[in-house]
Amino acid sequence: MKLIIGHLYPDLLNLYGDRGNIQCMRKRCEWRGIEAEVREFQLTDPVDFSELDIVLLGGGSDREQMIVCRKLQEIREDFRAYVEDYGSVLAVCGGYQLLGHYYDTEDGRMEGLSLVDLYTRQGSPRLISNVVIENEGFDGPVVGFENHGGRTYIGENRPFGTVVSGYGNNGEDGKEGVLYKHVVGTYLHGPLLPKNPHVCDYLLANALDRKYGTRDLAPLDDRQEWEANRYAAERFAKS
Amino acid sequence: MRVRRLLSVWTAKLISAVCKMAGKQGVTLAGKVALKIDPAVLRDLSAQVRKEIFVVCGTNGKTTTNNLLCSALEAEGQKVVCNHTGSNMLPGVAAAFALCARPDGRLDADYACIEIDEASAVRVFPHFRPDYMVLTNLFRDQLDRYGEIDITMKLLDRAMKMAPDMKVIVNADDALSWYLAEESGHPCVTYGISEKMEDVPRMNEIREGRFCKRCGEKLEYEFYHYSQIGKYRCPNCGFARPEADFDASGISLRDGITFTAEGRTFHVGYRGFYNVYNVLAAYSAARTAGFALQNFGRMLSGFNPQNGRMERFRVGDTEIVLNLAKNPAGFNQNISAVLEDRNQKDIIIVINDNAQDGLDISWLWDVDFDRLCEDSIRTITVSGIRCQDMRLRLKYVDIASELIPDVETAVRARLKDGCGNLYVLVNYTALYSTRNILAQMEKTAGRGLKRPQKQNQKVS
């Protein structure tokens, strides 16, 4: 079996250790004998979504995000078809904001992809914190770090988790991130996946399911992952 | 007013002395209290500097560059005020002056060499206007504290506007620093390395500012020295690396660093390619201020970077090098420096996430740790508050490590079973405590043992 992971615009969207998410997916495939290929796309490269099994859209500075945002409009329809067809997406931070309809900033409106029914407004101060969230669908807490000026509102969509500690989408409604079909949108970096192997495996299983009709993932020795997860969950859930 | 300044100076000295006895640094506290007692203390004391004031800014290399510059000026017979310890926010800067003042509250100094945190420059410059600013480089650093690098650049720009006559001595090889300096309209002096280095390790590094700050086009590079440092030009608007006024050439990284500038060859006994930039920056700054620097080479051979910058300790039979590594660019350069040593070695990596380190440790994943997968590295031990994250980081490049959260225990373990060549890489808040531990061990274990003489050449 083989999964192809598309990393969109790593030159521009590479804040906060996003490479770690890629590395985590790659290794957890390899350790199970699943081939993993990572394709990095530059701004001028065409993106053929029909070849991709997982797409990573990371975070960048506001300025760089603006450059990407213009480019994304060109691939919006292909990206939408991929998402509607249950293609796996991990969108972090700026990438998460771009999934929605728009991001209103003091410099004007940044048009999003409208792949998921959500929107973002700039707020002050920036929401910066260690985060712990919970979701019954995931066996264990999800831990990470958030650093965002935008406040995101997901309406009736399912959140990625309920905030135990930290701010989440907007610091108001206790929700963090969004789950839509096989899309995971979140403000959590750290990066997200290494310390949350259950989330990584969720993305991998979804991708395998879509491509090969199986969700079977061989178990791995995740003791170090869970120790790091538990450390963060216990330390920050109190604060 | 005078009584207030006296009180301010004496209190700072007292606090510093007490803290030292308690084994704490205390510089920041001393500065805070000094400013509280006399808010004008920094303005008044800095106004007494007889000749000129240098400030050193930039993400990496500030402390070493500033200390080198201070030593270079001292070697020319000047009296210098300097924040040696690297305490570089407003209180640290105030403390440097207050602690240097005489008991009568007057300052006796020809020059001041002050390193300033990028975000603090706007708070320091209202107290004095520097004559020179050395701008070393700009990398991503502590994103949770500074926000994006664009924000850091805006803050620096604001500070620079407060001192319009200041001359900027800038790293020509960093597109971000050069853009900032050039756009500011200040008179600029440039330094850099215009020749391509052989044997530069291939890295898949995160590079900042790949896109032209002036027009947004992707920059073209003839070569990279490391990170985004290299020879760049914009194919669209013509923004490009300027000719360096001070150019280092003939660089060799064998047994320390050797290079030539202005026809003079210099040698330093410690490792790290990035130290070429630190030495060159200090040299360029002092030359710009009009010094002939006949004593520069001799100063270098006696210079110990200290403060945990490639600082050496000897405990029993083990040679220990302590080095600060607090952001991806710095850590990648540190790894290069460790790998320049081909001998067998053990490594301890200490990672904390206190406020001064940045609470966010995701930057660990932007460091190219896969390069530590080398035969000469016998063991890697991870320590500090976030040692678990560090262990996981290494696991995902298939490198096994031993987890020993307590730093002292970790060092003792490697002293016991290590190969006698130990590198300790630490981030910011782990630095001072680790340095104390190593100094204490050296003192108790190594009494009577002398450090091996460093091999140094003189200026040609």
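Two strands are taken to pair if DSSP finds at least two bridges between them, and the strands themselves (E, at least two residues), like the helices (H or I, at least four), are DSSP runs numbered from the N terminus. The views below show a predicted model, in which local features need pLDDT of at least 70 and side-chain atom pairs count only at pLDDT 80 or more, while totals for chains, interfaces and linings use all residues. Residues are numbered from 1 along each chain as its sequence is written, and chains are lettered from A and ligands numbered from 1 in the order in which they are written.

**View 1. The hairpin of strands 10 and 11 of chain B.** Strand 10 (residues 249-252) of chain B pairs with strand 11 (residues 257-261) of chain B in the antiparallel sense over two bridges, and the bridge partner of Ser252(B) in strand 11 of chain B is Thr258(B). Four residues lie between the two strands, and Asp255(B) in the turn has a positive phi of about 50 degrees.

View 2. The pLDDT, which is the predictor's confidence in each residue from 0 to 100, has a mean of 91 in chain B, where 94% of the residues reach 70 or more. Over residues 448-460 of chain B, however, pLDDT stays under 50, and the model has 21 contacts beyond four places in sequence for this stretch; two residues are in contact if their C-beta atoms, placed from the backbone, lie within 7 Å. Where pLDDT is low, the predicted coordinates should not be read in detail. For the complex, the predictor gives an ipTM of 0.95 and a pTM of 0.85.

**View 3. The side of chain B that touches chain A.** In this interface 20 residues of chain B are in contact with 27 residues of chain A. The elements of chain B that give two or more residues to its side are helix 7 (143-146) and helix 13 (387-395), and helix 13 of chain B provides the largest share, five residues. By class, this side of chain B divides into eight nonpolar, three polar and nine charged residues, where Ala, Val, Leu, Ile, Met, Phe, Trp, Tyr, Cys and Pro count as nonpolar, Asp, Glu, Lys and Arg as charged, and the others, Gly among them, as polar.

**View 4. Helices 1 and 2 of chain B.** Helix 1 (residues 2-21) and helix 2 (residues 27-37) of chain B pack with their axes 8 Å apart and at an angle of about 165 degrees, which makes helix 1 of chain B roughly antiparallel to helix 2 of chain B. Axes are lines fitted to C-alpha atoms, for helices over the stretch in contact, and angles run from 0 to 180 degrees between N-to-C directions; those under 35 degrees count as roughly parallel, over 145 as roughly antiparallel, 65 to 115 as roughly perpendicular and the rest as oblique. Among the residues of helix 1 that take part in the contact are Leu7(B), Ala12(B) and Ile15(B), and those of helix 2 include Val33(B) and Ile37(B). This contact has 11 nonpolar, four polar and one charged residues.

**View 5. The sheet of seven strands in chain B.** This open sheet has the order 2-3-1-4-5-6-9, with parallel pairing, and its edge strands, strand 2 (80-82) and strand 9 (246-247) of chain B, each pair on one side only. Strand 1 (residues 52-57) and strand 4 (residues 132-135) of chain B are joined in the parallel sense over four bridges, with Cys57(B) opposite Leu135(B) in strand 4 of chain B. Helix 9 (residues 175-184) of chain B packs on the sheet, where it touches strand 4, strand 5 (167-171) and strand 6 (188-192) of chain B, and its direction makes about 160 degrees with that of strand 5 of chain B.

**View 6. The sheet of six strands in chain B.** Here the strand order is 13-14-18-15-16-17, in an open sheet with mixed pairing. Strand 13 (311-315) and strand 17 (402-403) of chain B stand at the edges, each with a single partner strand, so one side of each is left without a neighbour in the sheet. Six bridges join strand 14 (residues 318-324) to strand 18 (residues 421-426) of chain B in the parallel sense, and Ile320(B) stands opposite Leu422(B) in strand 18 of chain B.
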